[in-house]
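Hello,

Here is the structure you asked about. My notes on it follow below.

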Amino acid sequence: MRLGVLDVGSNTVHLLVVDAHPGARPLPAHSHKADLRLAQLLDGSGAIGEEGIESLVAVVRDALQAAEDKGVEDLLPFATSAVRDARNADDVLARVAEETGVRLQVLSGAEEARLTFLAVRRWFGWSAGKLLVLDIGGGSLEIAYGIDEEPDAAASLPLGAGRLTAGWLREDPPTSDEVRALRRHARAEIARTVGEFSRFGAPDHVVATSKTFKQLARIAGAARDAEGLYVQRELKRESLEAWVPRLAAMSAQQRAELPGVSEGRAGQILAGALVAEGAMDLFGVESLEICPWALREGVILRRLDHMGPV
């Protein structure tokens, strides 16, 4: 069947259409994205304002039309931290449902971590052993660890690249005090969770997903997307540590000229780099591998599991 996943994230609203069959690898058929940046549209009270709600409704309506045009039989719509953390989340969800007919399922941070972990496990297989999975989104950082398809430990922290950029890095380029304060904040948040994971022992394989990690790996010399899904892409902590001060000294416009960095995400790549560096350091990770599958694929795989054999 043709499935559609509508992911209302903190940075983008992304419709991914796949041709799916239980027991088979989902094959991408179409991708439709809109940069909405909900994490940066929260007002002083933590609510999504009227302009943000109207923009979200319009984008969801467009995605719904795209899904219909591509013959989607089953649409799986969900929202993550930007909607989850909004003070008026219930009102936002009600407006979207009323004006588009789409009822967004709001995933908890733990659910995000578990579904992303499932996608990574299916991509690498059982031979990868104990996995530690890191995912930096626009609104949150997800961490998961385990040897099965369900992680033994999962956590979600409010350390998304978009959220942190809006809240901590006011200047462009940021001041040294801003960078130092954000670095200190991110590491303190991550350090609180390390013990929860370290009691399970060292992972056999460390994996990262998400656009932030992909762009950081590309900056550090990893293969381009055009070279295919199956090319191994790694990010070494040593390379990341060398890039952080360089990114901090650049303006967003200068970062947008780096390989693999889109103009829309150039402003927040530094915040993502500080979180990635802190996570790799505090978890003792020297190198990690980038996985092309993440949350959206996890949602699809869980749906196929529930369908069962045909």
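**Cores and sheet**

Leu-247 touches Leu-216, Ile-219, Arg-255, Leu-258, Ile-269, Leu-270 and Ala-273, leaving aside residues up to four places away in sequence. Please keep in mind that this is a predicted model.

Leu-247 is also one of the residues with the most contacts inside the largest nonpolar core, along with Ile-190, Phe-213 and Leu-288. That core has 49 residues. Helix α10 (residues 269-282) gives the most to this core, with nine residues. Another core, of 28 residues, lies apart from it; Val-8, Ile-48, Val-57 and Val-60 are among its members.

Next, the sheet. Five strands make up an open sheet with mixed pairing, and their order is β3-β2-β1-β4-β5. At the edges are β3 (27-35) and β5 (105-106), each of which pairs on one side only. Strand β1 (residues 2-8) pairs with strand β2 (residues 12-19) in the antiparallel sense, over seven bridges. Val-5, for instance, has Leu-16 in β2 as its bridge partner.

Which helices pack on the sheet? Helix α1 (residues 50-69) does, touching β1, β2, β3 and β4 (74-79). The direction of α1 makes about 15° with that of β2. Helix α11 (residues 295-307) also packs on the sheet, where it touches β1, β2 and β4. The direction of α11 makes about 135° with that of β1.

Regards

Note on methods:
Residues numbered from 1 in each chain as written. Predicted model: local features only at pLDDT ≥ 70, side-chain atom pairs only at ≥ 80, totals over all residues. Heavy atoms only, no water. Pairing = 2+ DSSP bridges. Helix = DSSP H or I, 4+ residues; strand = E, 2+ residues; numbered from the N terminus. Contact = heavy atoms within 4.5 Å. Axes fitted to C-alpha atoms, helices over the stretch in contact; angles between N-to-C directions. Core = buried A, V, L, I, M, F, W, Y, C linked by side-chain atoms within 4.5 Å. Buried < 20%, exposed > 50% of the residue type's maximum accessible area, 1.4 Å probe, protein only.
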